[in-house]
Amino acid sequence: MNIKQLEHLIAVAEARSFSRAAERLFITQPALSRSIRALEEDLGAPLFDRIGKRIELTPLGNHVLERAGRLVRDSGELARSADIFRQGGGGALRIGMGSGPAAMLMAPLLCHMAERHPGVRLGITRGALALQLVQLRAGQLDALVADARSIAPAQDLLVGPLGELRTCFACRPGHPLLEHDTLTFEQLLAYPVASTPLSDEVARLLVAAYGPAALPERMVTLQCEDVASLVDAVGRSQALFLGLAAAARAGGLAELPLRPRLDARARFACVTLAGRTEAPLLPAFRAFAAGLLRD
């Protein structure tokens with residue numbers, strides 16, 4: 001029994017066909033059949049029932065498949081760990097970022113790595129949290145940075161806090177609302193509100209502070225995953241930005257003097273996969289990110 005045979009078992013189980021699995025593995029069907037047959041001989045029982053043109057896992061096959069998945073993942077992780085140790089201070093760092101963290105981290109991190117770690121291949125991936133969690137679990141990312149409250153608890157995830165940033169309403173310089181010393185929430189509603197998708201906790205804080213009219217599905221008229229695009233649009237229009245105060249300042253926007261002041265903070269975390277050997281630069285990345293993700 002060897003890892004290659006277990007990989008072949010997984011491929012056949014997923015494809016439910018020896019011919020399709022052979023195509024995916026780029027080997028001949030007879031070679032794949034011999035590999036599975038040798039594995040069955042080692043285990044002393046069949047792993048697949050051949051029912052006409054269909055194949056189905058036997059009870060033993062289902063048990064072995066579950067164990068095989070873990071063994072193949074562990075084998076890949078062992079090879080990756082050895083590669084990391086061989087690379088030393090070089091190698092690669094692959095980071096996934098949500099929209100808010102990307103607005104604060106992406107450009108500074110690119111500059112930092114170019115200046116301090118020019119031998120490291122840095123890859124930054126943007127996208128929805130659900131997709132990035134799939135990529136993290138598939139070994140395509142070393143870590144991701146996201147709103148900690150958006151991460152559902154899971155045994156295979158390690159969630160380490162990075163920092164908190166305040167949220168506010170902001171507008172372009174010269175906006176008519178800036179003529180007021182203080183503003184009520186009702187005055188804001190005369191203008192479009194631009195925001196990224198908001199968490200349930202932020203929605204509750206908004207409603208608690210300003211009433212039902214602050215429900216995001218009623219209040220937000222311009223929604224986008226990309227903070228930089230939202231800030232740019234607000235800087236060119238009469239729209240208002242609801243998001244990170246630090247991102248608003250960086251984009252040249254002015255915070256609105258809303259009373260009562262919005263008491264909401266984004267809590268960011270670095271998410272990694274339990275049991276995986278960390279890339280050598282990941283601790284340094286955490287420290288760098290924590291230094292930026294704070295007011």
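The structure is a predicted model, in which local features need pLDDT of at least 70 and side-chain atom pairs count only at pLDDT 80 or more, while totals for chains, interfaces and linings use all residues. Residues are numbered from 1 along each chain as its sequence is written, and side-chain values use heavy atoms, with hydrogens and water left out.

**Salt bridges**

A salt bridge is counted where a side-chain nitrogen of Lys or Arg lies within 4 Å of a carboxyl oxygen of Asp or Glu. The whole structure contains 16 salt bridges by this search. The table gives three of these pairs.

| Pair | Closest N and O atoms |
|---|---|
| Glu-40 and Arg-50 | 3.4 Å |
| Arg-70 and Glu-66 | 3.5 Å |
| Arg-149 and Glu-201 | 3.0 Å |

The places of these residues are given by helices (H or I, at least four residues) and strands (E, at least two), which are DSSP runs numbered from the N terminus. Their exposure follows from relative accessible area: buried means under 20%, exposed over 50%, and partly exposed in between, with a 1.4 Å probe and protein chains only.

Glu-40 and Arg-50 form a salt bridge. This pair links distant parts of the chain, ten residues apart, with Glu-40 in helix H3 (residues 29-43) and Arg-50 in strand E1 (residues 48-51). Glu-40 is buried at 11% relative accessible area, whereas Arg-50 is partly exposed at 47%.

Arg-70 and Glu-66 both belong to helix H4 (residues 59-87), where they stand four residues apart, about one turn of the helix. Arg-70 is partly exposed, at 36%, and Glu-66 is exposed, at 51%.

Arg-149 is joined to Glu-201 by a salt bridge. Here too the pair links distant parts of the chain, 52 residues apart: Arg-149 lies in the loop between strand E5 (143-147) and strand E6 (157-171), and Glu-201 lies in helix H8 (residues 200-210). Arg-149 has a relative accessible area of 25% and is partly exposed; Glu-201 is partly exposed at 24%.

**Cysteines**

A disulfide requires a pair of cysteine sulfur atoms within 2.5 Å. The count of disulfides is zero. Cys-168 is buried, at 3% relative accessibility, and Cys-171 is buried, at 0%.

**A helix pair**

Two packed helices are described by the angle between their axes and by the distance between the axes. The axes, which are lines fitted to C-alpha atoms over the stretch in contact, with angles from 0 to 180 degrees between N-to-C directions, come within 8 Å for helix H1 (residues 3-15) and helix H2 (residues 18-25) and cross at roughly 125°. H1 and H2 are therefore oblique to each other; angles under 35 degrees count as roughly parallel, over 145 as roughly antiparallel, 65 to 115 as roughly perpendicular, and the rest as oblique.

**A loop residue**

Thr-196 is located in the loop between strand E7 (193-195) and H8, and is buried at 18% relative accessible area. Contact means heavy atoms within 4.5 Å. Leaving aside neighbours within four places in sequence, Thr-196 is in contact with Ser-99, Gln-223, Cys-224, Glu-225, Val-227 and Leu-230.
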